[in-house]
Each structure stands twice: as C-alpha cells, then as structure tokens.
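Please keep the sequence and the model in view while reading.

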Amino acid sequence: MDYPFGEIEQKWQAYWEKNNSFKTDIRSKKPKYYCLDMFPYPSGAGLHVGHPEGYTATDIISRFKRMKGYEVLHPMGWDAFGLPAERYAMTHGIHPKTTTIENINNFRRQIKSLGLSYDWSREISTTDEIYYKHTQTIFLKIFHSYFDERTNKAEQISKLEEEFSNEGSNGLYEPSFTKEEWNAKSRKDKEEILSSFRLVYMANVPVNWCEALGTVLANEEVEEWKEKGYTVERRPMRQYMMRITAYADRLLNDLNQVVWPSSTLEMQKNWIGKSEGLELSFLTEKDSKIKVYTTRPDTIFGVSYIVLAPEHPLVVELTTNENQKLVQEYCKLASEKSDRDRTELNKEKSGVFTGSYAKNPLDPSSRIPIWISDYVLYHYGTGAIMAVPAHDERDFAFAKKYSLPILPVIAGGSVEECFDSKESHCINSKSEILSINDLKYQDAFVKVSSWFEENKLGKRKIQFKLRDWLFARQRYWGEPIPIAYSEDGVPIPLDPSELPLVLPDVKDFKPDSSGESALAKTGDWLNYEGKSGKGRRETNTMPQWAGSCWYYLRFIDPLNPWAACNPELEKKWMPVDLYVGGAEHAVLHLLYSRFWHKILFDLGVVSTPEPFKRLVHQGIILGEDKRKMSKSFGNVVNPDDVVKEYGADSFRLFEMFMGPLEMTKPWSTKGVEGVFRFLNRVWRLYHKDDGTFFVDQTEPDKDQYKILNKTIKKIEEDIENLSFNTAISQLMIFVNEMMPKPNRPWKILKPFILTLAPFAPHIAEEIWQKIGYKTSLSHEKYPYYNIDYLHEDTVTIIVQVNGKLRSKFEASKEITEQEAIEKALNAEKISEFLGNKKIKKQIYIKEKLVNFVMEE
C-alpha cells in the first residue's frame, strides 16, 4: 500500500501554519543565516515545475541550518508591478491591482502546497502602498545625492550647493562661476547645473518606444513584445536617468568581495566594460568635430572610414543633398531595431555614405569618408567610431561589403583577412607629423596619446561600456515618481512626510495621446500643492526593477512604517548569506541592486558594501521533449498535477535528484514515479506488512552504525555544497542497505529521519511523531556522526596484468604483501589473462593494487 501522502501533507502544512513553525526571531542571539530567493513576478499562468527548483533548494538549506542551530530568515514576496498586468487591464477592463492580488493568491497557494518553510509573516508585495512608500523614499534619497569623485562616494546635493554658494564652481563645472555668480543665478539655472551632478537627472535619450503599448520598453523586453506582434522603434525622449556610471569602478572592483558563479562575474565585468584608451576628434571638411574613443591608438594610421550612429546629431549636418533620401530612409529603419538587433544579432552589416569626409589629425592631406551604420549605437561611447578594417572584424566585414580601403598597420595583417594583435609591431604608420613604425602596442599607445594630449587634440581616458540607467516608464502600473514640476520646469521633490504618493484609482489604463502614461488623464491628481511647493506631478512611473532593488532589506523589517529597515536589524542580518535565482538576472537586477545598495551604503543607511554574499543560479527545467516549457509547445507541467498524483515530498525530491542544481535538465514523469517508490520504501522501513508502525530497541550491528554515520556526514557536506542530487543518492543507499535487515533499531532509524527531513519534510514529520515525539522536528538538532564508524576495515584491491585492470577483490586492511599476491593470483578470471606466460615482475602497492608484469 502506498503511504498516505495526501493526508500527511495537508496535516503537517496545517500544523506549520498554525504554530508559526518557521517564524524568524529577528532579534535572536543565535548565529544568523539569511537565505533568499529572487522573488517571483506573479503571472496569471501560475507556477510551472521550473519555478520551484530554486525554492526547494533554499528550503532544504534553510531547514538544515535551523537544525544546525542558526536563526534562519527565509522569506517570500512578490515583484508585482509590471507591464503584463497593465496590458491585461487595457484589454479586459480589469484593474491591475485586482489581477495582481488574484495571481499572488494562486502563487502563494501553490508554494504552500510544496511545504516550503517560508516565514509568511514577512510576506511583501512591491505594489503595497506601505512598501512603495519606502521605494519612493529611497528614490528621493538618490535624487538628493551626487557622486563626489573626490571622496569616491555619494554625498548629499545640499553639500554641493553649499560649496558653490561659498566657493563657486571650484573646478567642478565648466563654464566656471564665482560664488557671487552662483548666488545670483535663478532657481532654474541653478537646477540645470545641479542636474549634471545629481544621481537622478532628466535627459533626452533614444528609447525603445512602442506606439501600440504607449510606453518605453527596456532592451530585454523588446523581443518579447515584438514576438507578440508589436512594433518597436527607437526615438529620443526626455526621460529620468540614474547615474549608475558614476559607480562603474566600484561595481567592478567590489566583485572581489562576493562568492558568485564565475560566468556571472564575467557577465557583469563585460557589461561594465572598463577600458583604457584615447578620446580624440576628427575634423570634418565642414569644420565640425567628430569625437571618437579608441583603445587602439596604435592603429590611427589605419583609419579608412568613420562611422556615425544613425541618431548622431552630426548626421543631419554632414549628409549632402544627394545622399539625403538614402540617409533618412536608413535612419528610419534603424529606429525600428533594438540594440540587440543592431549589435549581437547583426551579422550582416549595413550602412549609408553621408557624402562628407574628415581628416586624420596625423595626416591632414587624408580624406576619410563618413558613413552611418546601425552597428554603432549613439548612447555607447561617443556614438562614432574610427574604423580600422584591417584590424577589427566588424569594420573588416563592413569595408569588404562596401569596397572601402583596408590599410594594414600592424605587422601580420593583410587586405585579405582581419588581424588583431598587441604582440606585433606597427607598420605603414608614418607621416610628416609623427612616426610609430616598428613600435609595439604599449609604446605606440603612449607615443600617439602623448602627441594628442600635447597638441590639445585628445586625452587619455578610462571608459566604460556601462550606460546610465533609463529610469522611467510611460505606464500606470508602477511606482509613482514623487516629483512635480513648476511652471518653469524646475523639479519639485515631494517632502518625505507626504509619502506614499499613491496611484490614483483609474478605469482607463491606456496611455495619453501625447505619449504620457494614463496618469496624464487623472485630473486633480496631477496638481500638486504641498510642503515643497506647487506644480504638475510627474506622469512617468518607475521601472519594475525599482521594487526589486531593495526588497531584501524590507524582509528584515517588513512592518516598519518609518524606515525601510531598522539600522540595528540591518547590521545584524546583512548581507544575504545565500541568494538563489535565475541566470537571466545575472546582469540587470543584480547590477541595479548593487548600485542602489552602494548609494545607501554611502549615505549610511546600510552597513555592507555588497548586498549578496553568495549567489547560485538554478538551471532551467525543460519539458519532457527537451524544449523550453511553453504553452505554445504544449509541454508545460503544472506542479499542482504532480503534487496531486505523487505528493509534495516526491515533487521536492525529484526536483533535486534530477542533477546538479545549476544544470539544465529535462522533466521526467517516470523519474517522479521512481522517487515516489523510494518514499514508499522509506515508509515501509518503519512499518510492518500490516501497516503497523514498528521501530525496535535492538542493538544495531556494526554495518548499520557505519551506513548511518556515513549518511549523516555525507548529507551534511552535500547540503552545504548544494549537492542535493548526491545527498538524495546517499539517502537511497541507506534505505537499500537497511531494508534487508531483520531488525529496525531505534538508534539508527531515529537519526536517519532527521537527515531525510530537509528533503522530504512531510513524511519525516509523520514518522517522527510516530516514533513518539509530540512536537515538530523542524528545530531538532541535526545528528552528529561518529568518526570511528567512518574508518573502513576492508579495502578493495585491484588486480592488473601489464598495467591493465583485469579483476579486483576485497581484503582486510591488515593484509600482507604475500597474502595480497596470493589472493590476486586466485582472483576471478585472472588465470585467463596470465595464461602460460611467465610472470616477470610482481608489483604491490599497499591497500591499492597488485600488478603482474608478464614476459613477452
């Protein structure tokens, strides 16, 4: 008879909830362990079996750490603002708040059905007004701050205002001004200067605009909505930006403080993209300057054309009349592509000649054609590049396609293939102004850079690929930005006491015809009159990333109405000890969270420079057809169905048994069945054939003590290493060895159930109660292993003939060399390999092998 998992699991889930079994004593004197999942977006589709993989892993380690004497913080919440809920509201006329609550309720039900040990008293949602009050407060702290390069940290903008008032620009701003000039400036002029320092500022930037959705899309959202049939184009818009670039160096350097997957560290490093190079300008024949940045000044003589991004402001000025139509058409096509389309996916290079030329500063007689191409992005670098096709693959492909000159200037290159090396030396690199022929990379870099700096035509510069964070969406369903504007356009930040700025209740969620969000149509809500002044409210809302930038702090102190987190509690619980989530968040969410955390660290709000100490990415669970789970493929597996048929413990065990946590692996219903059979064997280990519970008081034999202690040790080590699949294998080995035994010793089966509990808590709780305990085992001590039982009395000795493995045998560790050789000669099937040949040499390695070397 199968064990009654349905009855058992409902019973213990009800018990845990009634008794608050997993409630964190946030002020406990025990050592702390903060275990966190990347909290989910509660979609209408609910969970599929891939979602709980990470949740099950964190649950196992949380349960284990409680048993090891830690006070564990293991919370759950909802990243609940977002475009899908707003689109559903537009098409169905249902308020996104309503659908969000319904989706959260379903997700919570599904998660609870898996027996995950969350402290539900700490549940949060980014859409709760009390939560986004603190998101808005943090936003204002950032708005009122600037990055002081002299102290390498965020400071309050009032400090800078005071400095300007007392000392003038002090070399911090061009054009410079005296303190008298500053004090005489209008409020608007002052704000224009301050905005060039603030960590939150407004700027005209090219964005992914979707007319049908009426909003800007993040780069990572573009493909999803284009697949749904929407058209996305690039257009310049005035948007809020966050100056994450000010923290580029610290975001890069502080990666040495965390224990993260090497692939994630590399992705962050590449995204930040630090490089050392030269910024210089090419003068056009129309006397305008094209600023470029290059990490290879040693290739300056190999420049055969210049490329501008289609959005570059010089495109209009430099395009000749005869090229006007082609350039305009090309720019229109480029505006409909995402950055990803234009770079990563753009294998086939395209471009248009503007009709204009520039001069190489080191060769004034040169005429360098100026092109535009969408593989250059305006918001990366200077929006223009000097193309050296002989030594850059992208430039080479472009030059080949449009028959542009290819000028090798590094020895080893040719016009037939691209060659890039810093180990070679310069050739064809001489003019009346400068020669770098025969110089290697570093010497050429210094010589060229020095010439440009001495002639005030360029400067050495550290540059980053990282761009400032576009922090605004034309949406209703997001955190309102707590800023209004006066009639002359000066920002009026709300006073913190006026927060939360609550979303107004609207029925029409469609964007305004002007391109603003639905908030532009809210009438009285738009008009602000309060402590900070009088003006029109901002109608953009924050991106979904905002709420997830700091939620790990709120879990520590979720009911605090006055602060995001009590400083004393933050100091006790931060950083997060283990953070588990999908690799798709390896850059943006993690980078944005680190950025906000560093600002809060600078301002004294948090005590650690990094939020997440250890990071693990769970792998993707594919459908049984080995494709990504998708409704369109019809291969989505609902955990509700698995739990109904096999139980939550079977589901949990199989999720962890499929393979290493970080690996991608396909779902297998047969695999679930196999794990279910294992749990039935566990049940039978503690029950007689008639179903009567039975554990006896017999003294265990030596083998039973051995397998128990080996299991205790291995489970402990594997959980610490997150090697859950091998831990489960050990549980199975234990059961296999114990089942044939005639006795059921209490001394063995009691500690074993504690090793099983983190993995299959429901069946473990039930057996624990049947053993005679009245309370949950959730906080029982994990058993200790006795090292005396881990020493093996016997060894396996392999037998080789001419170095090849031919047999093996078990022997006492006390076996002598002569005894080992005799046993080897008599080992199974060894005689057929020895044959009639004479043994030339006998080699014995103690406790390991016997090797017979035969004569030819």
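A charge is said to sit over a ring if NZ of Lys or CZ of Arg is within 6 Å of the ring centre and within 35 degrees of the ring normal. By this rule Lys-228 lies over the face of Trp-225, and the charged end of Arg-198 sits over the ring of Phe-143. The distances are set out below.

| Charged residue | Ring | Distance from ring centre |
|---|---|---|
| Lys-228 | Trp-225 | 4.0 Å |
| Arg-198 | Phe-143 | 4.2 Å |

The model is predicted, and local features need pLDDT of at least 70, side-chain atom pairs count only at pLDDT 80 or more, and totals for chains, interfaces and linings use all residues. Residues are numbered from 1 along each chain as its sequence is written, while side-chain values use heavy atoms, with hydrogens and water left out.

Rings of Phe, Tyr and Trp (for Trp, its six-membered ring) pair if their centres lie within 6.5 Å, and planes under 30 degrees apart count as stacked, over 60 as edge-to-face and the rest as tilted. The structure holds 55 aromatic pairs. In one of them, the rings of Tyr-3 and Trp-683 have their centres 5.9 Å apart and their planes at 35°, so this pair is tilted. The pair links distant parts of the chain, 680 residues apart, with Tyr-3 in the segment before helix H1 (5-18) and Trp-683 in helix H23 (residues 669-685); helices (H or I, at least four residues) and strands (E, at least two) are DSSP runs, numbered from the N terminus.

Are Tyr-3 and Trp-683 buried or exposed? Buried means under 20% relative accessible area, exposed over 50% and partly exposed in between (1.4 Å probe, protein chains only). Tyr-3 counts as buried because its relative accessibility is 2%, and Trp-683 counts as buried at 8%. Phe-353 and Tyr-357, by contrast in geometry, have ring centres 5.5 Å apart and planes at 70°, so their pair is edge-to-face; Tyr-357 is partly exposed, with a relative accessible area of 22%. Ring pairs also link a cluster whose members include Phe-139, Phe-147, Trp-469 and Trp-596.

Turning to the whole chain, there are 29 helices and 29 strands, and the C-alpha trace spans about 95 × 80 × 55 Å along its principal axes. Of the 856 residues, 55% count as buried. Among contacts (heavy atoms within 4.5 Å) with a separation of 6 or more, residues 24 or more positions apart account for 70%.
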